[in-house]
Amino acid sequence: MLQVGLSLPRCPGGAAGAFPMAEPAAGEDAGTGPEVLGSSPVTIVVTSEADTWDIDTSSCLGCGQFVDWDKMPEPQQPAQIPRDVLSRPRKELKRLAREGCWAWSHAGRARLYPRLIQQVSCRLVTPDALVYRDVAGRLFGKPSVSSHPLPEFLEGCPTPTYCLSPHGVTALKKILICVGALFPDITHSPLLPALAALLLHYSEDEAQCFESVSRLIASNAPHAGYIDQSFLAHQASCMTFGDLATKHCPAAHKLIAGAAENVLEVYSEWLSWLFPGLPFGYAVRVLDVFLLEGQKVLYRIALALLKQFRLSVTPAGPQGSDIKAELQAFVRNIAEHVTVDKLLERAFGIRLFSRKEIWLLQMANRKALMERGITVVQRRPSFHLAVDMQNFSSSTVTAQEMRLIWSWIPERFSLFPPLLLFSTSEDGCSLQRFYTCCEGYEPTVLLIKTTEGEVCGAFLSSDWSERKKSGATSGFFGTGECFVFTVRPEAERYEWVLIKKPELAKAVPRSRQRSPSPAPEPRLGSSRDSRGSSPNHLAVPSPQRRGRLSPFLAIRHFLLPSKTASMFMSGSRDGIVIGGGGGQALSLDASLLWGHTEHCETFDNPPLCQENFQVQLLEVWGFQSA
């Protein structure tokens, strides 16, 4: 029998039953980093109801019995929680959580968390506290010592214990074992153990903690999930974070792309920066807002950490060769760089797209992974997701330059190696030949090398065959994922103006949105040369072609101030145009020999090279599927 007859050196009491919590002091070891469980089978020691701590029930009934108070950060100020906080509108609740209204109150969190989680919309049949007591009783109740392995979904996932006591660690293991028994479909979930550990600090018993975790697992709110439950879903989230990082943290992304062979591998650890990476005082503040706002909050805070990391790096760049280790070390010592209040302020200052747009991006990433063979039941990748540029050969850019360009494009396409579709050196300077070689491929990368040695180009999200829908007119098409860039003399990317200035447009109300209709099958006409019919040269299927998913950043999702903000790409018999409104980012004549570049409103770019230029070489690259 485990003896837990311990006395508390500090009581979670205080005015109005509040237990103030503070951020850890810079450089302080106690309570700044979570202890982590092993993944080997564990021995569950069952305690009786009498083996609990002597807690002041007048101030904090039931909460804190799983906490080692010596590990908890010291208080700095009393909590000021409004008595009617739970009756406040949800929008105001979000504001209060972001501002840290209950940041200093252990008892306040213990009262709030279960009630907030009860408001989460979830599946009709969701295991609750009564189910837990029944299952735990059957698993652990009869023998005094029961040996049970931790669930397989925890393999390779860190399980932080934060400020839990030995009794709390035992309770955490029991809860996770019951989650594995009652949710057998979970195959991979890095967030779940950290979430359960944090909630246990504020739960009156194991059953309440289990019910809270169950509701978050079973959430069915549209576009607002809480916990990824498979490797497929988790990897799609990692790719989505990578897409957001390239858009919202360009300086940090450029740093990482220059220091890491595999950028996606770095971004695949984004969730571990938060849990278990952040110290307890920071992690629990993240939990405050996460329970109200869902996964989008985690993206925000990870992006803010990435921005802060870039600010902490010297102009010479990272100190070591392991950028992943430097990021993890930075997060562990975050208190030396920024307070938790300032971190949250910066996180919510990032203008992300709507929850629905992020969901569309995540679904597109999920489909790309499935096309690479990742399944829902798979626990680990069966192949290396990075693109090998060792054998890459181009007359326009080097392998290192192409690696940088590949780091800019959406993650779901960067899984696939580049495939040369058209080159003026091989296919001649013919616009018709350009169209013939590029049609049926989506997206594509256009690269231009001028006679002056400058290199620029564009990432084009849509199939060039879309131009035919405009008839005789030169209509624009494409989506907000298009961008233009320079490679030499300086590498720089210019994205859709709404990414940096989202205030220019508003999301279209749901009542005005149209469901995407199935697009026609891709044309596989006889004019395609042998390159198009080769089994090694396949077009990457796009969500738009499958007809079930609206494209990410489709124009119909936004109320734009003018059409000039969405003039992405256009093609006619007279030439091609990339970007419009007040000018053209890139334009080429029908001979593909002469071009022009200037500022345009769609990408808000400067001229990408000498304004009037002669083309020395033009290449178009597609994406080779497996």
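Student: How many helices and strands does the chain have, and what share of its residues counts as buried?

Tutor: In this predicted model, the secondary structure comes to 22 helices and 16 strands, and 58% of the 626 residues count as buried. The chain exposes about 26,000 Å², of which carbon and sulfur atoms supply 51%.

Student: What share of the contacts with a separation of 6 or more is made by residues 24 or more positions apart?

Tutor: Such pairs account for 76% of those contacts, where a contact means heavy atoms within 4.5 Å.

Student: Which peptide bonds are cis, and where do their prolines lie?

Tutor: To read this feature, look at omega along the backbone. Another runs from Arg-488 to Pro-489, with omega near 10°, and Pro-489 belongs to the loop that links strand 8 (483-488) with strand 9 (492-495).

Student: Where is Tyr-162, and is this residue buried or exposed?

Tutor: Tyr-162, although not a glycine, has a positive phi of about 50°, and lies in the loop between strand 4 (159-160) and helix 4 (166-182). Because buried means under 20% relative accessible area, Tyr-162 at 3% counts as buried.

Student: What is the phi of Leu-592, and how is the residue placed?

Tutor: Leu-592 is not a glycine, yet has a positive phi of about 60°; this leucine is in the loop between strand 14 (586-589) and strand 15 (594-596), and is buried, with a relative accessible area of 0%.

Methods:
Residues numbered from 1 in each chain as written. Predicted model: local features only at pLDDT ≥ 70, side-chain atom pairs only at ≥ 80, totals over all residues. Heavy atoms only, no water. Helix = DSSP H or I, 4+ residues; strand = E, 2+ residues; numbered from the N terminus. Buried < 20%, exposed > 50% of the residue type's maximum accessible area, 1.4 Å probe, protein only. Areas by Shrake-Rupley, 256 points an atom, 1.4 Å probe, with all protein chains shown as cover.
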